[in-house]
Amino acid sequence: MPTPRPLTIVPAIDLRAGRCVRLERGDPERETRYDDDPVTRARAFVAAGACALHVVDLDGAFGTGENRTALRAICAAVDVPVQTGGGIRTADDVRERLAAGAVAVVMGTLLVEAPDRARAIAAEFGPAIVAGIDARGDRVATRGWLAETAVARDDLVRTVVGWGIERIVYTEIARDGMGSGYDVAALAHVAALSGAKITASGGAHTLADLLAVRDGTPANVDAAIVGRALYEGTITLADALRALASS
């Protein structure tokens, strides 16, 4: 078993129509609304000790709108790095997110639908670009997980790392928002494909789920995004940070 190590906890703020929500398995029809004011939620996460935030524009991902105003307000309100994704289709989309105050931008759909453009964006923006790879089993999904593809997860991981992308946010869609724990075996497998840093996403329910990621994956799985569990109190940020801060 690997030696225990620090694992960075990154609270998620998923935006839809300017509000904080969570979806089950990415299904827009299975939404739970938590906050009408995402800025207050962002400040609360930082006050509780969060050292980074993950902000997703669900309207952008679904192609139904955008939440740049909310993103800009969140970035202005906190003094920690904000990573954001959802609806990134062009280099201008990346520039707008960075101009809004984000320090990293997650590309997902573009990796599959326009790989030449995605590669050029990765080359232009360097470490500010993160690959978002969302899979059902070994197949990648796009467009806010609404579109199934024939693209193999492992092939895409190797491809984006070959472009020079240094971090991947990996989500097992079947577990996202379900509170059934991360797919530790899948995370370990993806991490072993390359030396890229991996952020785990999808499925946290208890502190034990986070410990399972820390103890059951290679060292390059160094962060975990947590959403619904923080909103519903099955994980408290203070407890998670205390348990995972030291090796």
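Two exercises with worked solutions follow.

The model is predicted: local features need pLDDT of at least 70, side-chain atom pairs count only at pLDDT 80 or more, and totals for chains, interfaces and linings use all residues. Residues are numbered from 1 along each chain as its sequence is written, and side-chain values use heavy atoms, with hydrogens and water left out.

**Exercise 1.** Determine whether Asp154 is buried or exposed, and state which residues Asp154 touches.

Solution.
- Asp154 belongs to helix α7, residues 153-162 (helices are DSSP runs of H or I with at least four residues, strands runs of E with at least two, numbered from the N terminus).
- Its relative accessibility is 16%, so Asp154 counts as buried (buried is under 20% relative accessible area, exposed over 50%, partly exposed in between, with a 1.4 Å probe and protein chains only).
- Leaving aside residues up to four places away in sequence, Asp154 touches His189 and Leu193 (contact means heavy atoms within 4.5 Å).

**Exercise 2.** Locate Ala204, decide whether Ala204 is buried or exposed, and find what distance separates the C-alpha atoms of Ala204 and Ile225.

Solution.
- Ala204 is placed in the loop that runs between β11 (197-201) and α9 (207-216).
- The relative accessible area of Ala204 is 11%, and Ala204 is therefore buried.
- Along the chain, Ala204 and Ile225 are 21 residues apart, and a separation of 8.2 Å holds between their C-alpha atoms.
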